[in-house]
Every structure is written in structure tokens, then in C-alpha cells.
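I opened the model today to look up its overall dimensions, its elements and its cores. My entries follow in the order in which I made them.

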Amino acid sequence: MLSQSVEDYLKAIYKLQKGTEAIDKVTTSLISERMGVAAASTTNMIKKLAEMNLLKYAPYKGVELMPAGEKIALETIRHHRLIELYLSEALGYPWDAVDAEAERLEHAISEEFEDRIDKALGYPTVGAHGEPIPSKQGTIDEPNYPR
């Protein structure tokens with residue numbers, strides 16, 4: 001089982017690499033800024049993730065998720081977006097309040113709970129904020145954002 005911190009880093013890197021904020025070079029300083037932690041902490045975590053074969057890291061050249069790291073990132077994003085939608089649609093949370101709650105819960109739910117939320121919502125493909133929900137198989141239909 002991976003730590004919440006590992007999942008959060010992978011999710012942040014995925015969003016910087018391929019999501020709405022996609023950029024060509026994902027650097028440790030960008031990741032550090034996104035995560036709100038010191039650059040040294042980010043570098044230590046990046047080295048750990050590289051040792052786990054979850055990303056490629058070359059000093060001064062940035063990072064790139066490996067397939068295993070991307071799969072974990074997409075699973076975490078899937079949990080987050082399904083929880084947001086469930087909170088909004090089933091529990092009546094306002095859309096601007098679901099992100100913080102989903103952030104707390106995304107690491108704690110089981111695969112069975114994820115499946116039940118998915119089914120209860122009618123197997124949605126779009127989240128509460130209009131972004132795509134990754135599939136159970138770990139794929140996502142990301143729009144092509146200009147870089």
C-alpha cells in the first residue's frame with residue numbers, strides 16, 4: 001500500500017504533465033510549488049519515486065511518469081472525481097466545497113466503495129467540475145490542451 005504522500009505527488013505530477021496545466025518540462029521546483037513543500041523534500045520524494053520505478057528523473061531535466069506511476073495517479077484522480085460527484089449529486093454539497101472533502105477521502109476508500117459510488121452515479125465519465133473521470137482500467141480521455 002502506498003502512502004498518501006506518494007499518491008499526492010503522483011497526482012500532482014500527472015496534472016502538470018498531462019492535465020489541464022500540462023507543460024513540457026515538469027521540474028522539481030514546479031512540483032515543490034504545487035505541493036507546497038520545500039524543494040529538498042520534493043527532491044527526496046522524486047528520488048524515492050524513481051527508485052520505485054514510478055517515474056523517470058534526471059537532475060535539471062525534470063520528471064516523467066512511468067506507466068506504473070501514471071496508473072496510480074489516475075486511480076487517485078478517479079477516486080477524487082467520483083467522490084466529488086457523489087458529494088455533489090447524492091449528498092447535496094455545493095460544487096465549490098467538494099474538492100477539499102474529496103481530497104481528504106480519496107486515499108481512504110476501498111475499490112469496492114469506489115465501485116459502489118460509480119454504480120450509484122450511473123457510471124459517470126465527467127466529474128463535478130466538468131473534467132473527465134479516469135476509467136476503472138486506468139485510462140482517461142484528456143482533452144488536448146494547448147501548451
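**Surface and overall form**

I began with the surface: the protein chain exposes about 8,300 Å², and carbon and sulfur atoms supply 53% of it (Shrake-Rupley method with a 1.4 Å probe, for residues only the protein chains shown counting as cover). I note that this is a predicted model, in which local features need pLDDT of at least 70 and side-chain atom pairs count only at pLDDT 80 or more, while totals for chains, interfaces and linings use all residues. Residues are numbered from 1 along each chain as its sequence is written, and side-chain values use heavy atoms, with hydrogens and water left out.

I then listed the elements, taken as DSSP runs numbered from the N terminus (helices H or I, at least four residues; strands E, at least two), and found six helices and two strands in the protein chain, in the order α-α-α-β-β-α-α-α from the N terminus on. The radius of gyration of the protein chain is 15 Å, close to the 15 Å that the globule rule gives for 147 residues, so the chain is as compact as a globular protein of that length (taken over C-alpha atoms; the rule is 2.2 Å times the number of residues to the power 0.38).

**Cores**

I looked next at burial, where 40% of the 147 residues of the protein chain count as buried (under 20% relative accessible area, exposed being over 50% and partly exposed in between, with a 1.4 Å probe and protein chains only). The largest nonpolar core has 19 residues, and Leu10, Ile13, Ile31, Leu49, Leu55, Val63 and Leu65 are those with the most contacts inside it; such a core is a set of buried Ala, Val, Leu, Ile, Met, Phe, Trp, Tyr and Cys residues joined through side-chain atoms within 4.5 Å. Helix H1 (4-17), helix H3 (39-51), strand E2 (62-65) and helix H4 (67-89) each supply at least two residues of this core, and H1 gives the most, with six. Apart from this core lies another, of ten residues, among them Leu87, Ala102, Ile117 and Leu121.

I checked the strands, which pair if DSSP finds at least two bridges between them: four bridges join E1 (residues 55-58) to E2, and the two run antiparallel. Tyrosine 57 has valine 63 in E2 as its bridge partner, and tyrosine 60, in the three-residue turn of the hairpin, has a positive phi of about 70°.
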